[in-house]
Number of protein chains: 2
Amino acid sequence: MPAIKDVARCAGVSVATVSRVLNDHPSVRADTRERVLAAVADLGYRPNAVARSLRTDQTRTLGLVISDVLNPFFTELARSVEDAARELDYSVVIGNADERPDLQDHHVRTLMDRRIDGLLVSPTDGGSPMMLAAARAGTPMVFVDRWIEAEGLDRVPVIRTDGRGAIRALVAHLCALGHRRVAIIAGPAATTTGRERVDAFRSALREFGLELHEDHIGQGDFQADSGRRVTARFLDLPHPPDAIFAADNLMALGAMDEIRARGLRVPDDVALAAFDDIPWFVHTDPPITAIAQPTGALGRAAVTALIDLVEGRPAESVTLSARLVTRRSCGEPEGSKP
Amino acid sequence: MPAIKDVARCAGVSVATVSRVLNDHPSVRADTRERVLAAVADLGYRPNAVARSLRTDQTRTLGLVISDVLNPFFTELARSVEDAARELDYSVVIGNADERPDLQDHHVRTLMDRRIDGLLVSPTDGGSPMMLAAARAGTPMVFVDRWIEAEGLDRVPVIRTDGRGAIRALVAHLCALGHRRVAIIAGPAATTTGRERVDAFRSALREFGLELHEDHIGQGDFQADSGRRVTARFLDLPHPPDAIFAADNLMALGAMDEIRARGLRVPDDVALAAFDDIPWFVHTDPPITAIAQPTGALGRAAVTALIDLVEGRPAESVTLSARLVTRRSCGEPEGSKP
DNA sequence: CAATCTCATGTAATCGATTCCACAAGGAGG
DNA sequence: CCTCCTTGTGGAATCGATTACATGAGATTG
């Protein structure tokens, strides 16, 4: 693999001149430029990004640490982040934390070692030491979807979706269809989205004169299995709920599994709704009513904010809003009842 | 961010000694080692991977270029690759080609510029110039799932799944359920998996005395939309097929959409099966019969082969076999008919 | 016409690590 | 006691780029 000095020798100039041509510095004579470019093409030369990064102290790479790649929401987020970054000539390196704090730390550390220019995180747990270290080291950082409330991290912009409005709409929908005993499969209390969705759900219910009973709140971990477990507990209750709201799509899937395994039917025996809409929800039996986040916009906003930070401009938090997508898993749509 | 010289100064030794401690070179006195380690902890020093890579000419990073992150098969593959690599202390950088040759080239180029140690590719199209350049530049390379047949690329190991057996089983299943007019939504002819699955399907049909008519072969591009389009064409035929086999999961989804949009039912009006099994197929209406690849094993084998190459050992191609997972989308299972 | 300025290019320092070689101190052996 | 070897450490070259500064040629100007 040829280096810059090979190009220099081949074109009969110094490495400085080659470098200037490559970074199109104005003061290079046209014919010299031609010669250098010819040599570059001839040798198939490509600048070594490692060496360049060492010298310039920038990698034009962003790190993205997400909690679970297998969750379609995060896959879609990752994709939109990569698209947005590429448009601005940045690369993205993805780290999958698999909802495990230790893996999350591993990836943050690795990315920092690689001297990425900025870090995009959707944190798994509460206070992570590596994250604090990163912030303290001055690495530009932005939270997406979830965030951490900790000393030293309060200046980190948060790009997120506010689900309150959509959750209120969901509760209204549930009420209109006659559901009264509603339950929620919550996410881990350590995550902001976990707590927030429960709170929003509870206050929306209260608005409609309903109460969220303590034993109608199940602790999940955003994985399908936990949805199954929590649903089993719900259905074993003396007075099982007639509607279940899962705080993410994987737990909704687990819930559906459990409901079906017991020979019960959605929505006749128990209604089901989920936070995060995904392409597959259209094709389940029945199609699942869900709250959709504007994933593309979320990713773009996150990249914009992070690159602002990287390039020394100020960046602000952004809150987008989610919307309810009504399907059939909570009962037939209003107009179409027999 | 402290550098090695800061540690050296703080510990009162030279940078050479610090480096020796960090790479646990034997000839360092115990108490010197202690002092250095203390300084490292004190300053929160982490070696700069960029500088290290420049000097040692290795990044301990693998590139993975896949054709579509949104396809659950590839997401799962990416995840298993990352897991396997991490176990061996390598990182993985993912590039999503989105089934676009230009994007694929973009990622290969970027990864090569970053001087990754090896490249794992599931190629989108036929002969890619960048891929040839990479191979010629001596970058260790391994193909997963799909591969390219081209001069200069014939030494690249291929880690793949052989679907012939499972496809034969599927055809048997289809026949047993009385389907005779079967059709296939093929992948792009430029991909090996695209061609192979059609061939295997055709010869399996022949074994069972059935013919695959020319107008029962639809050209898709592994995306949901193409599945919809091809299915529409099938259903508009004077003698539409009574069973459709989609060569990947996204096209199966599109097919299901189109079938349902016409008020037809699966499997009563037309049977449906897919290559690649994914968690969601259990939850569709009806659950979809699919051919499952051993994704985890595929990813692990690919990483093993690539790292063998990277570390100078020889590597060989691996072929694993797929299996049929029978559900209800082709008709009721044999034993349970009314 | 001399002084000055501009332009194109080269020389060399630099980024942060690794590693070869030199060297000093101390121990072993004759 | 002198030589030789071992052990621990430091100095300096190196990887491949970027860039501040120096330099020389030619153009401009008073």
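I note at the outset that the model is predicted.

**Entry 1: helices on the sheet**

I looked up helix 9 of chain A, residues 192–207. Helix 9 lies across strand 6 (182–186), strand 7, strand 8 and strand 9 of chain A. Its direction runs at about 170° to that of strand 6. I then turned to helix 11 of chain A, residues 249–261, which also packs on the sheet. Helix 11 touches strand 6, strand 8 and strand 9, and makes about 160° with the direction of strand 9.

**Entry 2: the sheet itself**

I traced the strand order in chain A as 7-6-8-9-10-12, six strands in an open sheet with mixed pairing. The edges are strand 7 (217–219) and strand 12 (323–325). Each has a single partner strand, so one side of each is left without a neighbour in the sheet. Ignoring direction, I find neighbouring strands turned by 20° against each other on average.

I checked one pair within chain A. Strand 8 (residues 243–246) and strand 9 (residues 271–275) run parallel and are joined by four bridges. I asked which residue of strand 9 is the bridge partner of Phe245(A). The partner is Ala273(A).

**Entry 3: around Pro157(A)**

I located Pro157(A) in the loop between strand 4 (141–144) and strand 5 (158–162) of chain A. Setting aside neighbours within four places in sequence, I list its contacts as Val142(A), Ala305(A), Ala315(A), Glu316(A) and Ser317(A).

Next I followed strand 5 of chain A. Two bridges join strand 4 to strand 5, and these strands run parallel. Phe143(A) stands opposite Val158(A) of strand 5. Strand 5 also pairs with strand 11 (residues 318–321) of chain A, in the parallel sense and over four bridges. There, I find Asp162(A) bridged to Ser321(A) of strand 11. Four of the five residues of strand 5 are buried, so this strand is largely enclosed by the rest of the structure.

**Entry 4: chain A against chain B**

I counted the contact between the chains: 34 residues of chain A meet 34 residues of chain B. On the chain A side, the elements giving two or more residues are helix 4 (49–56), helix 5 (72–87), strand 2 (91–96), helix 6 (101–113) and helix 11. By class, I find 17 nonpolar, nine polar and eight charged residues on that side. Of the interface residues of chain A, 100% are also interface residues in chain B, so the copies meet through the same surface.

I superposed chain A on chain B with a rotation of 180° and 0.1 Å of shift along the axis, at an RMSD of 0.1 Å. That is the relation of a two-fold axis. In chain A, the C-alpha nearest the axis belongs to Thr284(A), at 1.9 Å.

**Entry 5: DNA strand C**

I looked up the 26 residues around DNA strand C; those that come nearest are Thr32(A), Ala3(B), Ile4(B), Ala16(B) and Ser19(B). Helix 2 (15–22) and helix 4 of chain A, with helix 2 (15–22) and helix 4 (49–56) of chain B, each supply at least two residues of this surface. I record its classes as 13 nonpolar, eight polar and five charged.

Definitions and conventions:
Residues numbered from 1 in each chain as written. Chains lettered and ligands numbered in written order. Predicted model: local features only at pLDDT ≥ 70, side-chain atom pairs only at ≥ 80, totals over all residues. Pairing = 2+ DSSP bridges. Axes fitted to C-alpha atoms, helices over the stretch in contact; angles between N-to-C directions. Contact = placed C-beta atoms within 7 Å. Nonpolar A, V, L, I, M, F, W, Y, C, P; charged D, E, K, R; others polar. Near = placed C-beta within 6 Å. Least-squares fit on C-alpha atoms with pLDDT ≥ 70 in both. Buried ≥ 20, exposed ≤ 12 C-beta atoms within 10 Å, placed from the backbone.
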